[in-house]
Amino acid sequence: GPRKGRAAVAERALDHTRQVQLLFDAKAGNWAAKYAPDGRLARRLTQLADAIGYLMPTRGRVLDLGCGTGELARHLAGAGLRVTGCDISPSMLGQAAAADPGAAAEWIQLDPDWRTLPFATASFDAVLAASVLEYVGSPAAVLRECARVLRPGGVLLCTVPDPRHPVRWLEWLVGAAARVPPVRTVAAEWPRLDRYLAYLRISRQRRSAAWWRAAAARAGLLTVPRPAKIAESSPLRLFMFQRPDRSGGAS
């Protein structure tokens, strides 16, 4: 009946979030190295820090949703912002806290199946969601929660996969091939390929720019044009959204 159907859907959603948690727990040990000056995520840190500096006041309060091992959160805290980092991966958060002995940032563990963020309405000047929304079952619901915790005039910055990029075309081809039983058999004997296929199974959201803007609008967020001085980080697309101020416009 309908109740069993809803229970099955809920169980599949919980299984997905557990897979996400396990994936990032496994990545935690080597994650920080990606943000080193020669790491492949160093550009992302610079891009997001520049965008935050452009959009929000100094001494503002920032939520880093899906903070990982905390490189961006600590960078922003060092610039004088009040930063809270949260994640569903205890291993990632453990690395973040260990690298922050002076408690420059606050670190919060989220339940893997969270539906409501553990923060008051209108409590942040900015929310960052860097490469987070592609892993969630309902990105529209996460956007609504981000909008809720933003103060009027507050901004949401998020990066999401850009389906126009050739990397995403390759992902589609590999994902299609991975559904063939012989490929799955080979992957089981090749750990690196097996991990990549696991990533493709759980990194689900490959949406158009129009879809993301419409989902943000339904969450009550306005699209903010990306300044030319802030480069995109291909194969990711950077979006900036803003919660309207009390007069109904952007601040």
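## Some terms first

Contact here means heavy atoms within 4.5 Å. Helices (H or I, at least four residues) and strands (E, at least two) are DSSP runs, numbered from the N terminus.

The model is predicted, with local features needing pLDDT of at least 70 and side-chain atom pairs counting only at pLDDT 80 or more, while totals for chains, interfaces and linings use all residues. Residues are numbered from 1 along each chain as its sequence is written, and side-chain values use heavy atoms, leaving out hydrogens and water.

## Helix α9

Let's start with α9, which covers residues 209-218. Its buried residues (under 20% relative accessible area, with a 1.4 Å probe and protein chains only) are A209, W212, A215 and A216. Looking down the helix axis, these fall within an arc of 130°, so they line one face of α9; the arc is that of the directions from the helix axis to the C-beta atoms. Their packing partners are α5 (139-149), β5 (150-161) and β7 (236-242).

Over on the other side of α9, A210 and R218 are exposed, meaning over 50% relative accessible area. Just after the helix comes G220, which has a positive phi of about 90°.

## The cysteines

How many disulfides are there? Taking a disulfide as a pair of cysteine sulfur atoms within 2.5 Å, the count comes to zero. For C146, the nearest cysteine sulfur belongs to C158 and is 7.9 Å away. C146 counts as buried, at 1% relative accessibility. C158 is in no disulfide either, and with 1% relative accessibility C158 counts as buried too.
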